[in-house]
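Hello,

Here is the structure I promised to pass on to you. Have a look at it first, and then read my notes below.

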Amino acid sequence: MLSNRSRYALRAMVHLAGLPDGGPATIAEIAEAAAAPRKFLEAILLDLRRQGLLASKRGRAGGYALGAPADAISFADVIRALEGPLALAPCASRTAYGPCETCPDVETCPLQPVLQDGRDAIAAVFEARTLLQAAVTSSPIDRLGK
């Protein structure tokens, strides 16, 4: 399940993608557009800045802006920056592979291939959708679960 943290982040990033040159916008503007609590969003935006997905600028014309072109940031990039791997279990992850704690043998585990297929399907969707694509379609915030 996608966390509120990731939903707010995606809404904020799609909002910025719809602005000229990807921003900047103030936290207040972004919070209103993303329908997100300002304090909670501040922490999320800070994490995204640390991951390089956002840039910030101080001062009167400052705020947050995308850290890369909107067509170069996928939904998967945002979710991974906040949540980690897209896989439901470590044995199915491509970016953080590891054996599951309770699995006696990953080589013979009947769950691992199914979990890998699920991870591949989810990744295919989230990696294919960019912030720019979401920003230029109608009502992107409504589709993200406002």
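Which helix do K39 and E42 both lie in, and how many residues apart are they? Both lie in helix α3, three residues apart, about one turn of the helix. Helices here are DSSP runs of H or I with at least four residues, strands are E runs of at least two, and both are numbered from the N terminus.

Before going further, please keep in mind that this is a predicted model, in which local features need pLDDT of at least 70 and side-chain atom pairs count only at pLDDT 80 or more, while totals for chains, interfaces and linings use all residues. Residues are numbered from 1 along each chain as its sequence is written, and side-chain values use heavy atoms, with hydrogens and water left out.

Salt bridges

K39 and E42 meet through their side chains in a salt bridge, at 3.9 Å from N to O. The term stands for a side-chain nitrogen of Lys or Arg within 4 Å of a carboxyl oxygen of Asp or Glu. E42 also forms a salt bridge with R38, where the closest N and O atoms are 3.3 Å apart. These two, E42 and R38, are four residues apart in helix α3, so about one helical turn separates them.

How open are these side chains? K39 counts as exposed at 66% relative accessibility, whereas E42 is partly exposed at 23% and R38 is partly exposed at 47%. For these words, buried means under 20% relative accessible area, exposed means over 50%, and partly exposed is in between (1.4 Å probe, protein chains only).

The whole structure holds seven salt bridges. Another of them joins R94 and D120, with the closest N and O atoms 3.1 Å apart. R94 sits in the loop between α4 and α5 and D120 in helix α5, so this pair ties together parts that are 26 residues apart in sequence. Salt bridges that share partners also join R5, D47 and R50 into one network.

The aromatic pair

There is one aromatic pair in the structure. Y8 and F40 form this pair, which is edge-to-face, with 5.7 Å centre to centre and 85° between the planes. Rings of Phe, Tyr and Trp (its six-membered ring) pair if their centres lie within 6.5 Å; planes under 30 degrees apart count as stacked, over 60 as edge-to-face and the rest as tilted. The pair links distant parts of the chain, as Y8 is in helix α1 and F40 in helix α3, 32 residues apart. Y8 is buried, at 15%, but F40 is partly exposed, at 34%.

The nonpolar core

The largest nonpolar core has 34 residues, and among those with the most contacts inside it are M13, L66 and L131. Such a core is a set of buried Ala, Val, Leu, Ile, Met, Phe, Trp, Tyr and Cys residues joined through side-chain atoms within 4.5 Å. Helix α1 gives the most to this core, with eight residues. Leaving aside neighbours within four places in sequence, L66 is in contact (heavy atoms within 4.5 Å) with residues including M13, L16, I73 and L131.

Finally, look at α2, where the buried residues are I27, I30, A31 and A34. Seen down the axis of α2, they fall within an arc of 100° (taken from the directions from the helix axis to the C-beta atoms), so they line one face of the helix.

Enjoy exploring!
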